[in-house]
Amino acid sequence: MGVSRRRLLVSDFIMSFMWVWSSVLIKMFVHTMLGYGAHDLKGEILKHSISVINMFFFAALAKATKGGAYNPLTILSGAISGDLSNFLFTVGARIPVQVFGSITGVRLIIAAFPNIGRGPRLTIDIHRGALIEGCLTFAIVTISLGLSRRSRASTLMKTWISSLSKLTLHILGSDLTGGCMNPASVMGWAYARGDHITKEHIHVYWLAPIQATLLAVWTFNLLVSPPKDEREKMIEKKSE
């Protein structure tokens, strides 16, 4: 394994660890330190505003680490269209490391703040939960793929659109499935609760998002033609 790949694994672990902590710290700051209620409008606006800033911070971290990520779906959507070596590295190493980082982060959170809660939970039946989490994932993966093709758009604008999209989709699904769209983060909380191998967790938070990611990548590649430089590279490979 090369140095760059080892560095990616370290970055994935740290970012996954930080991501689960950041969501908890934002809630503690708004509800515990500032004293806003759970359904206070001002508190919700402030929490969501800080969440957007937080997503900008993690986007900067991803750029600084040259590809580090905290969400398995983010790297899976890219690995599907890549070569076999990168796909195996993503599935066999990066995703497990992200899961381990999330589990480690959640365990330390619970050790430090025992009354903090137990993370997102499914409040509807398994079939509707899988459908909702799948639809949310399909939407955000499609948006991310579309932004990656817009080479003329600035990084700031791409991050702004991506952050608002994630926040909007999260709000839409928060009362039903948690609106997580991040299997590693959910796995961290589920492992802490001891229900990480239940049918509900596997179907709703793993199988549905992964299937939605595969469908989103396939649909996007079918409907959207690759950029000119990518087409030229494909033609060169075929000619060789």
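Buried means under 20% relative accessible area, exposed means over 50%, and partly exposed lies in between (1.4 Å probe, protein chains only). The model shown is predicted, so local features need pLDDT of at least 70 and side-chain atom pairs count only at pLDDT 80 or more, while totals for chains, interfaces and linings use all residues. Residues are numbered from 1 along each chain as its sequence is written, and side-chain values use heavy atoms, with hydrogens and water left out.

**View 1. Arginine 94 in helix H4.** Helices are DSSP runs (H or I, at least four residues) numbered from the N terminus. Arginine 94 belongs to helix H4 and is buried, because its relative accessible area is 7%. Contact here means heavy atoms within 4.5 Å. Setting aside residues up to four places away in sequence, arginine 94 touches Leu8, Leu9, Asp12, Gly67, Gly68, Ala69, Ile75 and Phe89.

**View 2. The packing of H3 against H4.** The axes of H3 and H4 lie 9 Å apart, and the two helices pack at an angle of about 175°. H3 is therefore roughly antiparallel to H4. Axes are lines fitted to C-alpha atoms, for helices over the stretch in contact, and angles run from 0 to 180 degrees between N-to-C directions. Angles over 145 degrees count as roughly antiparallel, under 35 as roughly parallel, 65 to 115 as roughly perpendicular and the rest as oblique. On the H3 side, the residues that meet H4 are Pro72, Ile75, Leu76, Ala79 and Ile80. Their partners in H4 are Asn86, Phe87, Thr90, Val91, Arg94, Ile95 and Gln98.

**View 3. An aromatic pair between phenylalanine 13 and phenylalanine 100.** Rings of Phe, Tyr and Trp (its six-membered ring) pair if their centres lie within 6.5 Å; planes under 30 degrees apart count as stacked, over 60 as edge-to-face and the rest as tilted. The whole structure holds 8 aromatic pairs. One of them joins phenylalanine 13 and phenylalanine 100, with 5.6 Å from centre to centre and 35° between the planes, and is tilted. Phenylalanine 13 lies in helix H1 (residues 3-33) and phenylalanine 100 in helix H4 (residues 84-112), so this pair ties together parts that are 87 residues apart in sequence. Phenylalanine 13 is partly exposed, at a relative accessible area of 25%. Phenylalanine 100 counts as exposed because its relative accessibility is 51%.

**View 4. Phenylalanine 58, tyrosine 70 and their aromatic cluster.** The ring centres of phenylalanine 58 and tyrosine 70 are 5.2 Å apart and their planes meet at 70°, so the pair is edge-to-face. Phenylalanine 58 lies in helix H2 (residues 41-64) and tyrosine 70 in the loop between H2 and helix H3 (72-80), so the pair ties together parts 12 residues apart in sequence. Phenylalanine 58 is buried at 2% relative accessibility, and tyrosine 70 is buried at 12%. Trp19, Phe57, Phe58 and Tyr70 form one aromatic cluster.

**View 5. Arginine 5 over the ring of phenylalanine 89.** Arginine 5 lies over the face of phenylalanine 89, 4.5 Å from the ring centre. A charge sits over a ring if NZ of Lys or CZ of Arg is within 6 Å of the ring centre and within 35 degrees of the ring normal.

View 6. Lysine 66 is in the loop between H2 and H3. Lysine 66 counts as exposed, at 75% relative accessibility. Methionine 181 is in the loop between helix H6 (155-173) and helix H7 (183-193). Methionine 181 counts as buried, at 6% relative accessibility.

**View 7. Isoleucine 110 and alanine 93, both placed in helix H4.** Isoleucine 110 is buried at 17% relative accessibility. Apart from residues up to four places away in sequence, isoleucine 110 touches Arg118, Trp189 and Ala192. Alanine 93 is buried, with a relative accessible area of 16%. Beyond its neighbours within four places in sequence, alanine 93 is in contact with Leu9 and Leu88. Alanine 93 and tyrosine 70 are 13 Å apart in space, C-alpha to C-alpha, and 23 residues apart in sequence.

**View 8. Spans annotated as "transmembrane region" in UniProt.** The unreviewed UniProt entry gives this annotation to residues 12-33, 45-62, 69-89, 95-117, 129-147 and 204-224. UniProt positions follow the numbering used here, feature names are shortened, and annotations may be inferred rather than shown by experiment. In the model, residues 129-147 are 100% helix and 0% strand, with the end C-alpha atoms 27 Å apart. Residues 204-224 are 95% helix and 0% strand, and their end C-alpha atoms lie 28 Å apart. Strands are DSSP runs of E with at least two residues.
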